Amino acid sequence: MENFLSKLKNLSIRSSGSESLQSDLRPDSVTRQPSALPAKPAPKADPGDPKPQSGRRFRMGKPLHRRYSFWLALVAVGGGGAFAWGVWAVEKSLPDVSAIASFAQNGTLTIKAADGVVLQQLGSATRQKLTIKQVPDRVIKAFIAAEDRRFYQHNGVDYQSIVRAVASNLLARDFVEGGSTITQQVARIIYLNQDRTMGRKIQEAFLAQKIERALSKDQVLEKYLNLVYLGSGAYGVADAAWVYFSKSVDQLTLSETATIAGLPPAPSDYSPLVNPQIAQQRRDIVLDRMQESGYITEAEVEQARAQPLALKPSFPKKLYSDTPYFTSYVQQQLPKLVSKEQLEAGGLTVETSLNTTWQKAAEKAIKDAVKNVGPAEGFKQASLVAVDPRNGEIRAMVGGTDFVTSQFNRVTQAQRQPGSSFKPILYTTAIATGISPYASYLDAPLTVDGYKPQNYGRKYSGWLSLRSALTNSVNLVSVRLLIDVGFDPVIKLGHDMGIQSELLPTYSLALGASEVNLLEITTAYATLAARGNHMESHGIRRIINRRGEVIYTANVKPKRVIDQDTVAIVTWMMQNVVNSGTGQAAQIGRPVAGKTGTSEEARDLWFIGFVPQMAAGVWLGNDDNTPTWSYSSTAAEVWHNFMTTVVKGMPVEKFAELPKLDNRKGVIKAKPVKPAQMYDGEAPPSSSGTSDNSRSYPKASGEPARTPAGDPNGNAAPAAPDQSPAPAAPETAPPPQNTAPELPPAEPAPPPTTSGPPPSAPAN
């Protein structure tokens with residue numbers, strides 16, 4: 001190598017012509033003649049000879065691979081090629097900057113409402129993003145003076161700043177100044193890491209120039225001011241203004257602005273909440289640089305210097321959710337929709353279906369009920385959920401009254417007896433088997449396989465049409481109807497409509513003894529609102545990763561689970577519950593279908609109802625399952641308070657017209673229960689088995705029941721609140737024969753309006 005360099009040096013300083021150069025490159029065996037032989041005289045030149053003549057014999061040069069000039073040229077060309085290849089390789093390895101606008105930090109989770117409002121942000125997220133027009137001019141100038149004075153002159157890399165920084169660091173024998181531009185910092189924040197290796201710095205420089213080719217200066221600056229970490233959990237200038245001073249960024253003083261602008265080099269160390277003295281020193285440096293740049297006057301500097309750091313710290317916005325029950329539910333759903341690796345990488349933005357206006361109305365309705373009514377009626381908790389029946393989207397969710405003291409979500413986690421709010425599922429099944437809504441059933445005491453259901457207050461009304469029985473929530477009719485229809489069809493349809501919890505094949509299933517949660521049963525009602533199409537309830541519309549790529553989109557398909565005619569009939573029956581039955585408190589001045597529900601000893605109070613565009617459910621009760629002395633009409637009133645906000649500006653839509661009932665055929669096959677023993681009354685029949693009270697009256701021939709005087713629709717005053725008994729295991733035996741109905745008597749009176757606990761229901 002030394003020999004090569006020596007010869008290379010000689011070549012570079014020689015001034016002889018090509019002859020001398022050629023002579024230098026010859027090996028001795030060629031350039032020297034043997035000493036024993038005399039030199040031959042040079043031949044005379046022949047004018048006709050085209051060949052050149054010289055004073056010595058012409059000799060061919062070295063092979064190309066043995067020439068220094070060849071290797072020198074090869075090194076030069078190869079070096080240039082290697083450099084070009086290196087540049088190409090670095091460029092090719094750089095990420096695409098086209099998705100920079102939707103970037104999110106690693107390890108973050110942002111949950112948004114349907115209108116784009118941020119509900120919660122977890123991790124190192126920017127809580128409040130601003131457009132460049134929303135950032136005050138003084139804030140922009142402070143950061144440019146502090147971080148990148150030549151921001152508007154360079155193309156992403158400022159070579160003057162690099163030279164200046166190197167000189168400053170050498171003189172100080174320490175790292176006192178960086179040469180990175182604002183654009184390089186954006187590249188580092190979004191695409192790279194904080195390593196100080198040469199490879200990373202090269203990538204940063206190339207990427208910064210690529211970013212500046214794709215974005216304008218204002219766009220780069222906007223990204224930087226929103227993403228730069230400024231200590232104490234603050235990302236971006238808006239967050240810092242709030243975290244340190246509890247102000248919006250446009251309210252910052254010059255002193256406060258300079259304090260924030262001095263944080264980027266070492267935000268954790270310079271934070272005024274951690275090191276106020278160092279933060280003040282950094283503030284003064286920024287003020288000096290702003291003056292040097294001509295942004296502020298000396299008088300302004302002195303005035304700002306004289307001001308103390310008047311800190312007023314606050315937690316970052318959206319660190320704690322305003323809708324905690326819903327956002328917690330969303331977080332629980334994420335592992336079902338995206339991979340573990342995607343969750344761990346973070347940077348996810350979750351777009352949900354929550355309507356913020358309706359959510360506030362739901363929260364107010366629940367809060368008012370528990371605070372104003374609960375103490376007098378004995379309930380301390382409440383929950384509400386609203387589902388769009390057209391797509392299954394959850395539009396509002398309140399899982400309790402205080403998330404801080406209890407994170408238990410009573411919409412999705414509380415398994416409670418739905419009471420008579422389960423009856424529409426039973427009646428839908430019955431109508432689907434072909435039974436007429438006018439079919440009459442006997443409301444009288446009944447004992448079946450040892451099970452003795454009771455009506456509220458032990459009141460009985462004789463023969464009732466199914467429509468009247470549902471309107472007034474008559475328990476005995478529901479049990480007789482379940483025996484006719486069978487456990488299996490009811491359970492299957494309940495699951496098809498949205499009930500996911502186990503439904504027990506017991507006689508008390510008719511009265512809502514199988515536990516469900518509020519979201520499930522509201523989803524089942526939403527299936528009725530959607531005219532028999534079931535849509536799985538969900539709260540997440542889309543999930544976007546940190547690169548702006550959509551990694552999940554809700555694609556819920558409607559599933560036809562019951563025919564439209566059946567749904568139209570049942571909806572017509574449920575409208576009567578609201579118009580003149582136990583759910584009158586839910587009236588909102590437009591068509592509403594719904595059903596109340598009360599479990600044993602009023603432990604659970606329900607109302608689930610719907611208009612064609614929205615289904616909503618309300619539950620009231622106590623977490624420890626203690627009895628209340630309230631009524632399901634209170635739940636209906638809470639539903640009313642919520643829905644009056646929901647329907648504002650919403651077009652009035654009518655339910656489907658009632659289809660023809662004559663000669664209607666069923667679409668579901670009944671599987672009647674065969675009790676081992678079934679008789680009317682509470683006392684067993686005589687041992688001979690011939691007592692009249694061994695008869696059963698489950699169903700008439702399908703002809704419309706005769707109606708009470710004065711009401712052409714077969715309606716009467718609403719009955720007392722519904723009451724469901726505890727479950728009992730069924731047994732099977734051949735069904736009794738049907739008998740013809742008698743004229744129905746007057747129906748029960750409405751529930752009492754006086755306050756205080758209702759009469760105790762009998763044990764079932």
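In which loop is Glu601 found? Glu601 is found in the loop between β13 and β14. The structure is a predicted model, in which local features need pLDDT of at least 70 and side-chain atom pairs count only at pLDDT 80 or more, while totals for chains, interfaces and linings use all residues. Residues are numbered from 1 along each chain as its sequence is written, and side-chain values use heavy atoms, with hydrogens and water left out.

**The chain as a whole**

The protein chain has 24 helices and 16 strands. Helices (H or I, at least four residues) and strands (E, at least two) are DSSP runs, numbered from the N terminus. Of the 764 residues in the chain, 50% are buried; buried means under 20% relative accessible area, exposed over 50%, and partly exposed in between (1.4 Å probe, protein chains only).

**An open sheet and a helix across it**

An open sheet is formed by 5 strands in the order β5-β4-β15-β14-β13, with antiparallel pairing. Two strands pair if DSSP finds at least two bridges between them. At the edges stand β5 (394-398) and β13 (593-598), each of which pairs on one side only. Within the sheet, strand β4 (residues 381-387) is joined to strand β15 (residues 614-621) by 7 bridges, and Gln381 stands opposite Gly621 in β15. Helix α24 (residues 632-646) lies across β4, β5, β13, β14 (604-611) and β15, running at about 140° to β15. Axes are lines fitted to C-alpha atoms, for helices over the stretch in contact (heavy atoms within 4.5 Å), and angles run from 0 to 180 degrees between N-to-C directions.

**Two packed helices**

Helix α5 (residues 137-147) packs against helix α13 (residues 276-292) at an angle of about 95°, and their axes are 8 Å apart. The angle therefore makes α5 roughly perpendicular to α13, a term that covers 65 to 115 degrees. Arg138, Ala142, Ala145 and Ala146 of α5 make the contact with Val286, Arg289 and Met290 of α13.

Most residues other than glycine have a negative phi.

Terms used: Parallel < 35°, antiparallel > 145°, perpendicular 65-115°, else oblique.
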